[in-house]
Amino acid sequence: MAGEPGDVFEELRARYHAIVSRLRRAERREWREFRRWVEDTGNLVHLSVLVFVPLLIAGVTAIANAEDLLPFVLFPPLASGTYSLFADPEGKYASPATFVGGLTAGALCGTAAIFVAANTGLMNPLTAEAFVVSPVTAAIAVFLTSAVTWAGGVEQPSAFSTALLALIAPAFTDTQSVVTFLLQYAGSVFAASGLVAGAFYLWKRNFYQQRARYLYQTTKGDDHVLVPVRGESPEETAMFAGRIAGAHDAGKVVLLDIVSDEAIASAADAILEREAAAPLAESADPADREVAVEGDVLGEAEGMAGNEAAVESEAEDRVAGQAAMRLERLAGRIRTKLGVPCEVVVASETGSPSAVTLRTAREVNCDLVVTPYEEEHGSLSPFVKQLFDDPLDVIAFRSCSEQTRWRRALVAVARAGQNAHAMLDFAQRVTGRAGELSVCTCIDHESQRRSAESMLLDLVDPFDATFETRVSRSSIRRFLTANAPQYDLVVVGASTDRTAASRFIAPPTFEKIRDIDCDVAIVHRGS
């Protein structure tokens, strides 16, 4: 009974650790989901609007309250202009100079309209009961704003707000009043808009345009690449993996060969046959050989049968040594041609080949697997399917041309997201700095063209490369069949982020393009 309190304490501690571990897993899962969500440019922009626009307006308001410089009437156009900046950072009006120049030009034009109207008798005076703005004065303000912003190239919708807000000022006819109002109103507009524009410039330059660096995980990882050496194009696949790894300074390639039990058994049988035949080879007399067969050889064979463990060990060493020699020859070619560090691993078949591959990838700290494309009965082989079911990043590479250098790549995307970002990143790495890159998507109706073009622009903008963007009304199969021969490589997604029902209704792109005359890389983006 004395040990019972200790047992209870141990049980409580085990439950506590189990709860903490479960919470940490949930936290990591939620964080991964958030990272995947924020990788979408549209989601990132909306999140930035929710965070930065309120903070900037709050900051300007605090300065206005503390210094008594900025009139509150300025805040409506300032808020709408700030929203326009952050909501469409690549749009027509997303320029700090245009933003400041437009708002300031509107304030100046509004002031000029008041002065003109007051000196020509067109302005209704501000009375104690109410104020009335002359329609002519409003028309002058809008006309001047349109002309000035157009001529100066600082067209900004919010400029009309600052121009019309100036019309609530009392009439002034002397120069001193004009100068005073300009300093108070136009100067405040310039200062406040300059503060917002400066914050937007820093956000866009240091974060938004660098979002691939901060948010896209493939740009920081996938530099240790494991290549299972199997199939009909192991060298081309290894070279493809080497070009992906070589784009990062810390990149390396690990070549993997899995030794099967059948190969070891065949080697063991060969050893037994060799040992059994050795005494016969020592005797030149046929009669002596018969005696050896009937006597000594049988005894030696029985001795070998009793030492199966030694034979099996020798067979494993022989098969593993031969596999290592093959891998080293391939690794030498990768090091020589690409200058990428290359290691070799020989593993025994202690489970399914896919399970051994994934376990080896984690043991040698690889975050990407590049495997030759394999089919079975007209579909993906079980080996590739099981790799695609894992949260590790995987590329299935299908070689048609036996080339090991790819200069022109076409990336086919269906939607924005982390898989599309990974496909663009891998294509850029493979083709190198001098490569030609195209990204395409297909639409069903012409009304979808504008949104498709915007989606492609958002995808390619963060990458330090020049992309050609193409939007087609053709089906993806017809488009790739017609255009793929112009490229060295086509990159498509594995559609593993879609549900099984979705893949059944609309099969993945790679299943539709088996016959195209071009190398194909099928990208599965893990979690």
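**Briefing: helix packing, ring pairs and selected residues**

Helix 5 (residues 135-152) packs against helix 6 (residues 158-165) at an angle of about 145 degrees, and the two axes are 9 Å apart. The model is predicted. The protein has 527 residues, of which 42% count as buried, and it contains 20 helices and 12 strands. Among the contacts with a separation of 6 or more, 77% come from residues 24 or more positions apart.

**Helix 5 and helix 6**

- The crossing of helix 5 with helix 6 is right-handed.
- Helix 5 contributes A138, A141, V142, T145, S146 and T149 to the contact, and helix 6 contributes A159, F160, A163 and L164.
- By residue type, the contact of helix 5 with helix 6 has 7 nonpolar residues, 3 polar ones and no charged ones.

**Aromatic pairs**

- The structure holds 10 aromatic pairs.
- One of them is the stacked pair of F52 and F86, with 5.9 Å from centre to centre and 10 degrees between the planes.
- F52 belongs to helix 2 (residues 41-67) and F86 to helix 3 (residues 75-87), so this pair links distant parts of the chain, 34 residues apart.
- F52 is partly exposed, because its relative accessibility is 31% and the partly exposed class lies between the 20% limit for buried and the 50% limit for exposed.
- F86 is buried, with a relative accessible area of 1%.
- F86 also pairs with F200: the ring centres are 5.3 Å apart and the planes stand at 85 degrees, so this pair is edge-to-face.
- F86 is in helix 3 and F200 is in helix 7 (residues 175-206), so the pair ties together parts that lie 114 residues apart in sequence.
- F200 is buried, at 0% relative accessibility.
- Ring pairs join F52, F86, F200, W203 and Y208 into a cluster.

**Arginines over rings**

- R230 is placed over the face of F383, 3.9 Å from the ring centre.
- R408 is placed over the face of Y487, 4.6 Å from the ring centre.

- Most residues other than glycine have a negative phi.
- N365 is not a glycine, yet its phi is positive, at about 65 degrees.
- N365 sits in the loop between helix 14 (353-363) and strand 4 (368-372).
- N365 is exposed, with a relative accessible area of 54%.
- E402 also has a positive phi, near 65 degrees, in a residue other than glycine.
- E402 sits in the loop that runs between strand 7 (393-398) and strand 8 (408-412).
- E402 is exposed, with a relative accessible area of 64%.

**V394 and V384**

- V394 is part of strand 7, and V384 is part of helix 15 (residues 382-388).
- V394 is buried, with a relative accessible area of 0%.
- V384 is likewise buried, with a relative accessible area of 0%.
- V394 and V384 are 10 residues apart along the chain, and their C-alpha atoms are separated by 9.0 Å.
- Leaving aside residues up to four places away in sequence, V394 touches L368, V369, T371, L387, F388, I522, V523 and H524.
- V384 and S354 are 30 residues apart in sequence, with 7.5 Å between their C-alpha atoms.

Note on methods. Residues numbered from 1 in each chain as written. Predicted model: local features only at pLDDT ≥ 70, side-chain atom pairs only at ≥ 80, totals over all residues. Heavy atoms only, no water. Phe/Tyr/Trp six-rings, centres within 6.5 Å; stacked < 30°, edge-to-face > 60°. Helix = DSSP H or I, 4+ residues; strand = E, 2+ residues; numbered from the N terminus. Buried < 20%, exposed > 50% of the residue type's maximum accessible area, 1.4 Å probe, protein only. Lys NZ or Arg CZ within 6 Å of the ring centre and 35° of its normal. Axes fitted to C-alpha atoms, helices over the stretch in contact; angles between N-to-C directions. Left-handed = near helix turned anticlockwise from the far one by under 90°. Contact = heavy atoms within 4.5 Å. Nonpolar A, V, L, I, M, F, W, Y, C, P; charged D, E, K, R; others polar.
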